[in-house]
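Dear colleague,

Please read the notes with the coordinates open beside you.

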Amino acid sequence: MTIRQVVRRKVTRALTVAVVFLVSLVAIYQFARDAEWAWVSIPLMLGVMAPLLYVVWLVDCPKCHAIFGQRHVFNVAFNLPALRNNRVCPNCGADVDAPCDRRGEPV
Ligand SMILES: [Zn+2]
């Protein structure tokens with residue numbers, strides 16, 4: 001497993017949770033237009049926002065534990081070809097495609 005795979009797994013899981021809550025939110029708005037169901041939209045919105053904030057604020061490098069932040073997390077997770085310098089951690093310089101264990105230590 002590589003650092004990129006670890007980060008991609010965290011980001012993919014969080015985005016999956018966000019999409020599930022977003023679909024639920026749209027379904028509530030579409031099918032339950034009664035005011036008595038309006039309170040359900042608040043926890044659903046939190047369920048959409050919380051995974052996105054987790055990705056931006058809490059996903060860290062498994063080696064140096066520095067937060068990637070919104071600028072680098074998707075770059076590292078998905079290896080976007082349009083962005084430069086996406087092969088190393090922006091904080092510790094570790095190769096994100098090198099094999100490592102769960103803590104980011106090279107194997
Ligand atoms: Zn790092």
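**What was found**

The protein has three helices and zero strands, so that, by the DSSP runs on which helices and strands are based, the pattern read along the sequence is α-α-α. Please bear in mind throughout that this is a predicted model.

As for overall dimensions, the radius of gyration of the protein is 17 Å, whereas a compact globule of 107 residues would have one near 13 Å. Taken along the principal axes, the box that the C-alpha atoms fill is roughly 55 × 30 × 20 Å. Of the 107 residues, 22% are buried, and among the contacts between residues at least 6 apart in sequence, 58% join residues that are at least 24 apart.

Turning to helix α3, which covers residues 69-78, its buried residues are His-72, Val-73, Phe-74, Asn-75, Val-76 and Ala-77. These buried residues pack against both α1 (3-31) and α2 (41-58). After α3 comes Asn-79, which has a positive phi, near 50°.

In the model, residues 12-31 are 100% helix and 0% strand, with the end C-alpha atoms of the span 28 Å apart. Residues 37-59, by comparison, are 78% helix and 0% strand, and their end C-alpha atoms lie 34 Å apart.

Conventions:
Residues numbered from 1 in each chain as written. Predicted model: local features only at pLDDT ≥ 70, side-chain atom pairs only at ≥ 80, totals over all residues. Buried ≥ 20, exposed ≤ 12 C-beta atoms within 10 Å, placed from the backbone. Helix = DSSP H or I, 4+ residues; strand = E, 2+ residues; numbered from the N terminus. Contact = placed C-beta atoms within 7 Å. Rg over C-alpha atoms; globule rule 2.2 N^0.38 Å.
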